[in-house]
Amino acid sequence: LRAVRELAAPGLEASRIGGKKMESNLKMRNSLSTFVGRLHGHEREGLLRSAATDSLQLRGARLARLGLAHAEPVQVVRYAHEGVYWHHTDWMRVQATRSIRSGTVLCYLSDGFEGGETNFPMAGHAGAPLSSKSTASTCSSGLSVEGKLGDAILFYNINTTHPHAEGAIDRTTTHAGCPVTWGEKWVANVWLHNRDAYDSAA
């Protein structure tokens, strides 16, 4: 896992929200990030990869019981002191491949930091509404996970019981990277889609 961090470090830049890089985003998301590894199991020009990224993607896909063709490149994120990503979901519909980002494997690439818990405010409260106060600037409700080097969290972003829409968003997966109060926190997101991108694009 340290090898993934070292490979990604030179390419880090200010993290975006929805593909947008704006100064106002710093209150919502304050971190550096980049992408490494393969795209849906294939090499892509401009993406660095190594045996370490291949292993991480494969292990993430296997954990979710999916193949590598379902995996996006790995997003590596560095949170310095006061680094944060307030409550959001990872759900995304990709029109080009007609697929949905249905699963997240969040891997911890470091330890020795304080704060930085991963907070799920709706854990244990399925169907409960989210208030702006509970999600905008606090990590005090729901479940908070204190991950360390080598730990991983798997969660699914779609609601498989939704009566009207295939792949509807599951808002109980709303989560935050809480503020880092000391040290640096490094994580990797292995995002997985509900369809093999190459099959669905055919």
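Which strands form the open sheet with antiparallel pairing, and in what order? The open sheet has five strands in the order S2-S5-S14-S9-S10. Two strands pair if DSSP finds at least two bridges between them. The edges are strand S2 (29-30) and strand S10 (143-145), and each pairs on one side only. Inside the order, strand S5 (residues 84-88) pairs with strand S14 (residues 175-177). That pairing is antiparallel and has two bridges. Here His88 stands opposite His175 in S14.

A word on the model comes next. It is predicted: local features need pLDDT of at least 70, side-chain atom pairs count only at pLDDT 80 or more, and totals for chains, interfaces and linings use all residues. Residues are numbered from 1 along each chain as its sequence is written, and side-chain values use heavy atoms, with hydrogens and water left out.

Now the whole chain. The protein chain has four helices and 16 strands. Both are DSSP runs numbered from the N terminus: helices are H or I with at least four residues, strands are E with at least two. The chain has 202 residues, and 42% of them are buried. Buried means under 20% relative accessible area, exposed over 50%, and partly exposed in between, with a 1.4 Å probe and protein chains only. Take the contacts in the chain with a separation of 6 or more: 79% of them are between residues 24 or more positions apart. Contact means heavy atoms within 4.5 Å.

S7 has several pairings to follow. Strand S6 (residues 93-94) runs antiparallel to S7, joined by two bridges. Val94 stands opposite Ser99 in S7. Four residues lie between the strands of this hairpin, where Arg98 takes a positive phi near 50°.

S7 also pairs with strand S16 (residues 185-193), antiparallel, over seven bridges. In this pairing Gly103 stands opposite Leu192 in S16. Strand S11 (residues 152-156) is another antiparallel partner of S7, with five bridges. There Leu106 stands opposite Ile153 in S11.

Asn189 counts as buried because its relative accessibility is 10%. Leaving aside neighbours within four places in sequence, Asn189 is in contact with Thr104, Val105 and Leu106, and with Pro73, Val74, Gln75 and Val77.
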